[in-house]
Structure formats: C-alpha cells, structure tokens
Amino acid sequence: MAELQVVIPYLSTLWCLQDCILSFGASTVPVMIVDNSPDGDAVGSNWPSNVAVVHRNGINIGISASWNLGLDIGADQTLLMSQTVRLAPKAGTPDPIKEP
C-alpha cells in the first residue's frame with residue numbers, strides 16, 4: 001500500500017490531463033487516472049511509470065465515484081484532484097510545460 005497517492009478523474013481534453021501530469025515534475029507518487037471517456041483515450045497515452053489508467057469500458061462513473069475508486073485502494077493519504085489543477089514547480093526548477 002502506498003503512503004501517498006493521487007487520483008484524477010478524466011473525461012475529455014487529453015492535453016489538459018497531460019499538462020496536469022507534467023506539472024508534477026519528477027514526482028514518483030503513484031497517480032491513478034480514472035478514464036471516464038467513451039473511447040478510453042487516456043489509456044493509450046505515454047504516461048510516466050508511476051501513472052496508472054483505469055478505464056471503465058466507456059462508462060462515465062462521475063467524479064465522486066472516480067475518487068472513491070482511488071480511495072478504495074487504501075493509501076495512507078490520497079490527494080483528490082481535477083485534471084485542470086497545476087502544481088507549481090519548486091523555486092528554481094524549470095517549468096516542464098513551458099518551452100525551454
């Protein structure tokens with residue numbers, strides 16, 4: 001069981017989800033993306049090794065049920081997020097979203 005995990009429901013706008021994950025920087029905290037999209041477009045993306053995608057075969061279970069799915073894993077602490085959230089990098093760290 002992980003000490004800390006992140007759970008992010010996803011429905012559409014893949015670039016927004018990708019930006020969210022990029023904002024984590026080099027974090028190795030386990031991330032669960034619950035893909036509620038009809039076609040599972042988050043499943044085929046190239047995610048870091050700490051990111052897992054759960055697709056419910058085109059069934060949109062909603063935000064709270066997606067978060068509950070992550071909470072059922074039983075990590076000591078769970079950060080419930082939206083794909084629209086961006087985490088600020090540490091001071092002095094290059095922003096991975098902006099062009100170099």
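First, a term: contact means heavy atoms within 4.5 Å. This is a predicted model, where local features need pLDDT of at least 70, side-chain atom pairs count only at pLDDT 80 or more, and totals for chains, interfaces and linings use all residues. Residues are numbered from 1 along each chain as its sequence is written, and side-chain values use heavy atoms, with hydrogens and water left out.

Start with S45. Setting aside neighbours within four places in sequence, S45 is in contact with L14 and Q18. S45 lies in the loop between strand 2 (31–35) and strand 3 (51–55). Helices (H or I, at least four residues) and strands (E, at least two) are DSSP runs, numbered from the N terminus.

Is S45 buried or exposed? Buried, at a relative accessible area of 18%. Buried means under 20%, exposed over 50%, partly exposed in between, using a 1.4 Å probe and protein chains only.

Now S37. The loop between strand 2 and strand 3 holds S37. S37 is buried, with a relative accessible area of 1%. Beyond four places in sequence, S37 is in contact with Y10, L11, H55 and G58.

On to the core. A nonpolar core is a set of buried Ala, Val, Leu, Ile, Met, Phe, Trp, Tyr and Cys residues joined through side-chain atoms within 4.5 Å. The largest one has 13 residues; I8, L17, I21, F24, V31, I33 and W47 touch the most other members. Strand 1 (4–10), helix 1 (14–22) and strand 2 each supply at least two residues of this core. Take L17: leaving out neighbours within four places, its contacts are I8, Y10, I33, A42, W47 and Q83.
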